[in-house]
Amino acid sequence: FGLPMTTPVILSAGRLDPRKRLELLIEATSLASSEAVLWIVGDPASSCDLYPSKLIALAKQFLPNRTVFTPGLPDHMMPIIYGAANIFALTSRVEGLSNATLEAASTGLAIVAVAIPGVTEIAQHFNNYGFFLVTETVESIATGLRKSLETSPSQSWRQSRETALGHFSPERIANQYIEMFSHKRISKNTI
């Protein structure tokens, strides 16, 4: 992937969409570290999208020779991607239950994320272990990245994975949907 072996890697994975606000992450990375590499993995939101070009220009300005863009990776490659990173960063304005954040947390990666609904719930299920929740400013994101780079993980990968599987396993999520829809059906029939 063209990543250095001895330099910290900050990963962002997901669709390259303006709602992800990766421009904040690019600038924050430049403030947080003079050596960390930002690895942006994902495809443009649409084929005619100009956002990736904007990101490349910003990366050249703020992180010359310290940004790697990797589009078009299949899902089965993601465990390798997470394994090559030191930090997962999410600067989205809006996010549901972020699969990328769940996947990153389940591999034991430190997470620096804007405190938005969905992300805060994931952090709570992980007892905030490894989570650096920040506000929507470049300075706050940079501080979260800096703290994460300075902190060594104290909890094992296995504990993070077990937490993720316990709270977010496909079986548990399916059962919660079944329960929710069963409750809706009962409520609807009793009105």
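**Conventions for every view.** This is a predicted model, in which local features need pLDDT of at least 70, side-chain atom pairs count only at pLDDT 80 or more, and totals for chains, interfaces and linings use all residues. Residues are numbered from 1 along each chain as its sequence is written, and side-chain values use heavy atoms, with hydrogens and water left out.

View 1. Buried means under 20% relative accessible area, exposed means over 50%, and partly exposed lies in between (1.4 Å probe, protein chains only). In a regular strand the side chains alternate between the two faces of the sheet. On one side of E2 sit Val 37, Trp 39 and Val 41; on the other sit Leu 38 and Ile 40; both faces are covered. E1 and E2 run parallel and are joined by 5 bridges. Ile 10 has Leu 38 of E2 as its bridge partner. Strands count as paired if DSSP finds at least two bridges between them. Helices (H or I, at least four residues) and strands (E, at least two) are DSSP runs, numbered from the N terminus. The protein has 8 helices and 6 strands. Their order along the sequence is β-α-β-α-β-α-β-α-β-α-β-α-α-α.

**View 2. Strand E5 beside E4.** Strand E5 (residues 110-114) is mostly covered, with 5 of its 5 residues buried. Ala 110, Val 112 and Val 114 are buried on one side, Ile 111 and Ala 113 on the other. Strand E4 (residues 87-90) runs parallel to E5, and 4 bridges join the two. Ala 89 stands opposite Val 112 in E5.

**View 3. The largest nonpolar core, around Phe 88.** A nonpolar core is a set of buried Ala, Val, Leu, Ile, Met, Phe, Trp, Tyr and Cys residues joined through side-chain atoms within 4.5 Å. The largest one holds 53 residues, and Phe 88 and Leu 145 touch the most other members. Helix H1 (residues 22-32) supplies the largest share of this core, 6 residues. Which residues does Phe 88 touch, not counting residues up to four places away in sequence? Among them are Leu 11, Tyr 82, Ala 100, Ala 104, Leu 109 and Ile 111. Contact means heavy atoms within 4.5 Å. Across the protein, buried residues make up 43% of the 191 residues. Of the contacts with a separation of 6 or more, 69% come from residues 24 or more positions apart.

View 4. A pocket is an open set of points on a 1 Å grid over the protein atoms alone, with protein on both sides within 12 Å along at least five of seven lines; a cavity is a set where a 1.4 Å probe fits but cannot get out; lining residues have an atom within 4 Å of a point. Grid points are joined across faces, edges and corners, and a volume is the space filled by probe spheres set on the points. The pocket has 19 lining residues, and Ala 13, Gly 14, Arg 15, Asp 75 and Met 78 lie nearest its centre. The lining comprises 8 nonpolar, 5 polar and 6 charged residues. Ala, Val, Leu, Ile, Met, Phe, Trp, Tyr, Cys and Pro count as nonpolar, Asp, Glu, Lys and Arg as charged, and the others, Gly among them, as polar. H4 gives the most to this lining, 3 residues. Met 78 belongs to helix H3. This residue, Met 78, is buried at 12% relative accessible area. Beyond its neighbours within four places in sequence, Met 78 contacts Ala 13 and Glu 103. In H4, 6 of the 8 residues are buried. Just after H4, Gly 108 takes a positive phi of about 90°.

**View 5. The largest cavity.** The structure holds 1 cavity of 30 Å³ or more. The largest cavity has about 50 Å³ of space. E1 (9-13) and E4 are the elements that give two or more residues to its lining. Lining residues include Ser 12, Lys 20, Val 41 and Ala 89. The lining divides into 6 nonpolar, 4 polar and 2 charged residues.
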